[in-house]
Amino acid sequence: MVTAASQTRFQALEYQTSELKKDLNILLDKLGFPQSVLPGEDERKAAIDKVIQRLEALSPVPEPLMWPNVPGEGVPGVSPLLLGEWELVYASNGTVVTRSAPAQLLLQASRLPGVGISDITQVLKLNEAGALVASNSAVFGFGPLGSWSVGIEGVWRDSGDGKTARVLFDQVSVRPVTALGLPVPNWAPPLTLATGGTTGPGQGRSGADWITSFVDRDMRVGRGRTGNTFLFKRKASHA
């Protein structure tokens with residue numbers, strides 16, 4: 001039974017969360033893209049980080065990787081709030097992609113038409129074995145040479161605390177998005193390079209530790225082991 005006191009606390013939590021999100025959106029708009037996902041802008045990012053820390057303290061799901069078992073299955077579930085397509089809108093110290101030398105060259109030339117990086121996206125879904133799989137991608141624009149989507153896929157494995165995952169990368173893919181100024185059909189198959197199996201023990205495979213410190217219906221915060229902070233917004237469904 002929901003009491004009046006618990007209902008009041010819930011409404012207060014919703015209000016605080018909503019206000020913090022408004023503050024984040026204002027700060028992100030002032031910083032702009034792609035600066036928001038690149039290294040640098042320390043003073044502006046310090047202000048954003050402070051708001052994110054306050055948001056993390058209000059997470060409605062403190063253990064998103066530790067969810068009640070799905071009936072009929074022998075594997076732990078994950079919070080359904082994690083699942084879906086997310087757009088990266090902020091990285092406190094850039095990302096592996098945006099810190100790379102090719103990416104930096106593209107970003108420096110991003111004033112040219114069709115040159116730059118866009119659509120940095122992460123899709124989280126369950127595979128047939130019930131494991132949480134992350135598909136990360138970004139679109140690289142090369143002007144008249146067209147644009148290409150580069151992706152990396154990996155399995156998330158709960159480290160035991162319900163919020164920290166060991167991400168084991170399994171495959172890298174490259175797919176053309178546009179060519180000669182025209183869009184490439186979505187059915188065009190990507191070039192896939194396998195780097196390991198999705199069901200093996202993961203020995204010797206590249207990976208990273210990832211902490212989900214906040215997630216709700218439209219926003220998610222992740223942290224790397226080095227303290228780098230990532231803010232995602234859920235992409236609207238086109239179904």
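Which residues form one aromatic cluster? In this predicted model, where local features need pLDDT of at least 70, side-chain atom pairs count only at pLDDT 80 or more, and totals for chains, interfaces and linings use all residues, the cluster consists of Trp156, Trp210, Phe230 and Phe232. Residues are numbered from 1 along each chain as its sequence is written, and side-chain values use heavy atoms, with hydrogens and water left out.

Rings of Phe, Tyr and Trp (its six-membered ring) were paired if their centres lie within 6.5 Å; planes under 30 degrees apart count as stacked, over 60 as edge-to-face and the rest as tilted. By this rule, three aromatic pairs were counted. The rings of Trp156 and Trp210 have centres 6.3 Å apart and planes at 45 degrees, so this pair is tilted. Distant parts of the chain are linked by the pair, since Trp156 belongs to strand β4 (residues 147–158) and Trp210 to strand β8 (residues 207–215), 54 residues apart. Helices (H or I, at least four residues) and strands (E, at least two) are DSSP runs, numbered from the N terminus.

Burial was assigned from relative accessible area: buried means under 20%, exposed over 50%, and partly exposed in between (1.4 Å probe, protein chains only). Trp156 is buried at 6% relative accessibility, and Trp210 is buried at 12%. Trp210 also forms an aromatic pair with Phe232; this pair is edge-to-face, with 6.2 Å from centre to centre and 65 degrees between the planes. Because Trp210 lies in strand β8 and Phe232 in strand β10 (residues 229–234), the pair ties together parts that are 22 residues apart in sequence. Phe232 is buried as well, with a relative accessible area of 5%.

A charge sits over a ring if NZ of Lys or CZ of Arg is within 6 Å of the ring centre and within 35 degrees of the ring normal. The charged end of Arg220 sits over the ring of Phe232, 4.2 Å from its centre, and also over the ring of Trp86, 4.8 Å from its centre.

Elsewhere in the model, Ser36 is found in the loop between α1 (4–31) and α2 (42–56). With a relative accessible area of 2%, Ser36 is buried. Contacts (heavy atoms within 4.5 Å) join Ser36 to Leu28, Leu31, Lys45, Val89, Tyr90 and Ala91, not counting residues up to four places away in sequence.
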